[in-house]
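Here is a colleague's note to read beside the model. Please keep the structure open and find each residue as it comes up.

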Amino acid sequence: MSRIRVLPLCSAVALALPLCVSAADSKDTSDATALSNEGLRLRLSRGLNEQAPTERDEAPTYLSAYRMVGRTNEKIKLYDDAEVRRGGAVLRGDTITYTFSTDEVYSKGNALVARNGTVFKGPELTYRLDAETGEMPDATFRYLPNEMRGTSDKVELLGGGRAKMCNAVITTCREGEEAWWITADSVDYDQLDESAVGRNATLYLGGVPIFASPYFSFPVGSERKTGFLTPRFGINSTLGVNLELPFYWNIAPNYDYTFTPKPMSKRGVLLGNEFRYLQPSFSGELTYDVIFKDKETKDRRYALSWKHFQRLGRGGPTLGVDYQRVSDNDYISDFSTTIRESSENILNQKVWLSYGKTYWSTSLGVYKNQTLAPGGRRQTEKPYEKVPEFNLSGNVADFHGFTLTSRLTATRFDRGAGSTVGRHHLSGDGYRTLLDSSISYPLMGPFWFITPKFQYNMAWYRDIHDAASYVDRSGSRLVPIYSLDSGLVFERNTTFFGRETEQTLEPRLFYAYIPYRDQSHLPNFDSSEADMNFAELFSPNKYTGSDRIANTNQLSAILTTRMLDAGTGKEWFTASVGQRYYFENNQVGLYWSDPAKTKNRSDLLASAQFSFYQDWRIEGMVQYSSEWSKVSKTTAGVRYNPRKFSTVSLYYLYNYNPNDKRDAYYNTNIRQVDFSFQWPIVKDLYALGRYNYSLRDHRVVDSLAGLEYRAGCWILRGAIQRYIRSEGRTTTNFFFELQLVGLGTVGSSPIEALSEGISGYQPLGPRPVEVGRYDYYE
């Protein structure tokens with residue numbers, strides 16, 4: 001028997017009338033539609049004011065089956081592959097009885113109800129279409145967006161996307177892979193809030209109960225919800241055994257607050273507070289972590305951070321705040337869990353206003369800081385504070401071919417008394433006004449470019465307070481800077497290991513001339529000698545900052561060659577070599593007591609990167625000192641990355657400066673070997689590790705070992721890390737994290753430590769689920 005689809009009489013008439021009207025008035029179709037105050041609606045006829053229903057409750061009901069028995073507008077029974085649809089809800093069963101007067105559907109045999117990705121199945125179902133309420137005993141359910149599924153002795157559908165499940169079992173594991181599940185006496189499920197709340201819930205892992213609670217809330221989507229988050233725990237040699245119990249308060253869609261008590265066996269209880277806010281014109285984050293009495297120091301210790309960004313008026317200036325402060329020098333070193341965090345010694349405390357248009361921008365700010373000296377260090381270099389600083393800059397990229405830039409900066413510097421670095425005294429405070437303007441005229445062709453540039457740097461100082469007798473209370477400096485940048489690009493087609501390759505040869509020359517100006521009587525607020533690298537070869541001034549401009553008559557020469565795949569454009573090989581040549585001696589030192597250095601050339605730089613072989617990358621950089629006639633800096637390494645989640649790298653790092661041997665704290669000499677890897681052992685089990693060893697000090701700087709395993713519905717990570725923090729002290733971290741897909745994570749996450757330590761590390765995610773073409777269709 002062929003399948004028959006039957007519609008209620010009113011629905012059939014509603015669908016037929018527009019067709020009749022359209023056929024009768026084919027010459028004038030404009031009268032078939034009408035605009036109302038509520039929008040565009042379909043008029044059923046010219047004479048009647050009836051309109052097509054738009055509300056869900058007024059939506060038509062569709063019935064289908066292979067056989068139907070009954071009376072229209074009374075009761076209809078549907079047999080064999082029966083189905084009822086209304087407003088996005090779908091009901092199925094072997095037999096369905098639909099009663100018009102009560103708007104009730106009773107389905108028996110393979111009953112199913114589906115709406116917006118949630119599917120319930122059971123032996124029978126009673127359901128009221130308008131109210132969206134009903135009951136289903138011995139049900140199974142599935143939430144398609146995150147593959148959550150489970151069973152329930154009885155499901156009560158409460159309308160509005162809400163449901164209550166009695167004696168429920170919930171998991172995201174596939175059938176046959178029940179690695180974890182949650183049992184609960186009852187579960188209140190809210191599809192609109194994307195949340196579920198369980199009473200008397202127990203979490204099972206591998207059939208073993210590991211957590212129980214009379215109240216258990218968990219998300220089933222991306223919506224935020226007030227409640228306890230999954231706890232985190234860890235072991236740290238500085239903190240001891242520690243546990244985090246975060247409570248999340250969803251105050252409003254644009255406000256939230258997280259309170260995190262963190263008991264630590266060696267320190268006490270740290271109370272973490274995080275408040276976030278978001279408005280159309282401003283946003284920010286305020287955190288305050290405090291421990292009222294540290295067991296080791298017996299002191300109250302805290303960390304405060306406030307970040308705020310705000311637009312003042314439409315198209316107006318921007319206000320920014322970045323304020324950080326800790327209670328003592330050792331706070332970050334003691335409470336951090338990564339090597340990067342433990343090395344942070346300067347905390348920003350700044351507030352600024354900025355405003356900009358197409359060709360200019362301006363800002364006014366106060367830039368202070370807190371400088372830490374962990375480990376009882378007596379000597380520390382505190383950066384100057386700018387209280388305040390005003391900037392006004394302009395830039396025109398193409399004014400009849402010219403590029404014009406100008407920057408005006410007025411700053412009051414303050415550092416406080418008694419700050420020294422080595423044998424140099426650091427200026428106390430004073431005012432500096434700086435005007436730096438330039439004009440250049442870039443010229444270029446298909447294989448060449450040349451850019452002449454003239455720059456004029458002017459600086460004025462006043463009210464300088466400094467104990468050094470050579471620093472004047474006021475002074476000025478006017479310095480012209482001339483430069484000429486030029487380069488060529490030659491190309492040729494060749495073969496490289498049997499591959500069609502395009503090779504380039506790119507010589508580049510950069511000339512700069514700066515006349516001598518005596519600056520020994522001026523303070524030094526922010527200048528230091530720049531590190532030697534390829535970018536610095538194209539800078540006319542050997543000093544960073546604005547207080548020292550070295551006289552020079554120099555020429556930088558760099559030669560670069562590249563090999564590109566002729567078909568794909570991929571760069572297989574690149575190499576560069578460069579050096580700077582001086583035609584006169586430098587007479588400007590950073591400080592009055594610095595001797596003038598005499599040399600006719602800079603260090604020689606060379607670098608190369610080779611990735612011709614698939615999945616392999618070899619790179620290296622060498623700096624050869626012309627002053628000491630030996631290699632002063634080297635970085636060389638190889639990395640193998642054949643596929644995702646698989647990488648191995650080995651690097652050698654070397655830095656030599658004989659002057660640093662006389663200063664224990666500022667000694668930058670290093671000679672290290674760094675080996676790291678992420679590699680599969682068996683399917684879905686990966687080994688992780690890093691080993692950074694100092695050949696100079698004969699000790700391990702940072703070591704890390706771990707495992708990462710991915711199953712269908714859970715991921716397990718474990719790692720041990722030991723690293724050297726301030727003043728030679730060491731910290732050992734034990735990480736253990738269990739991620740239950742669709743529920744959350746338990747333990748302490750090693751992902752940040754792994755990302756910092758392992759070159760090319762990629763954290764495992766849930767195994768991709770193949771989504772069928774009609775998985776979301778009912």
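**Notes on strands, rings and charges**

1. Arginine 128 is partly exposed, with a relative accessible area of 29%. Here buried means under 20% relative accessible area, exposed means over 50%, and partly exposed lies in between (1.4 Å probe, protein chains only). Glutamate 104 is also partly exposed, at 26% relative accessibility. Glutamate 104 and arginine 128 form a salt bridge, with their closest N and O atoms 3.1 Å apart. Glutamate 104 is in strand β8 (residues 104-115) and arginine 128 in strand β9 (residues 118-128), so this pair links distant parts of the chain, 24 residues apart. A salt bridge is a side-chain nitrogen of Lys or Arg within 4 Å of a carboxyl oxygen of Asp or Glu. The count by this rule is 35 salt bridges.

2. A word on the source. This is a predicted model: local features need pLDDT of at least 70, side-chain atom pairs count only at pLDDT 80 or more, and totals for chains, interfaces and linings use all residues. Residues are numbered from 1 along each chain as its sequence is written, and side-chain values use heavy atoms, with hydrogens and water left out.

3. Next, the strands. Helices (H or I, at least four residues) and strands (E, at least two) are DSSP runs, numbered from the N terminus. Two strands pair if DSSP finds at least two bridges between them. Strands β11 (residues 148-159) and β12 (residues 162-171) run antiparallel, joined by nine bridges. Arginine 149 has threonine 171 in β12 as its bridge partner. The two strands β11 and β12 make a hairpin with two residues between them. Glycine 160 sits in the turn, with a positive phi of about 65°.

4. Strand β12 also pairs with β13 (residues 180-190), again in the antiparallel sense, over eight bridges. Look for alanine 168, which stands opposite alanine 184 in β13. The closest N and O atoms of aspartate 188 and arginine 199 are 2.9 Å apart. Aspartate 188 is partly exposed at 29%, and arginine 199 is partly exposed at 34%.

5. Which residue meets aspartate 334 in a salt bridge? The partner is arginine 301, at 3.0 Å from N to O. Aspartate 334 lies in helix α2 (residues 331-335) and arginine 301 in strand β23 (residues 301-311), so the pair ties together parts 33 residues apart in sequence. Aspartate 334 counts as buried at 5%, and arginine 301 is buried at 2%. Salt bridges with shared partners join Arg267, Asp294, Glu296, Arg301, Asp328 and Asp334 into one network.

6. Now the rings. The structure holds 29 aromatic pairs. Rings of Phe, Tyr and Trp (its six-membered ring) pair if their centres lie within 6.5 Å; planes under 30 degrees apart are stacked, over 60 edge-to-face, and the rest tilted. Phenylalanine 413 and phenylalanine 525 are stacked, 4.3 Å centre to centre with 10° between the planes. Both phenylalanine 413 and phenylalanine 525 are buried. Tyr255, Phe275, Tyr277 and Phe282 form one aromatic cluster.

7. Last, charges over rings. A charge sits over a ring if NZ of Lys or CZ of Arg is within 6 Å of the ring centre and within 35 degrees of the ring normal. Arginine 462 lies over the face of tyrosine 431, 4.4 Å from the ring centre. Arginine 508 has its charged end over the ring of phenylalanine 538, 3.6 Å from the centre.
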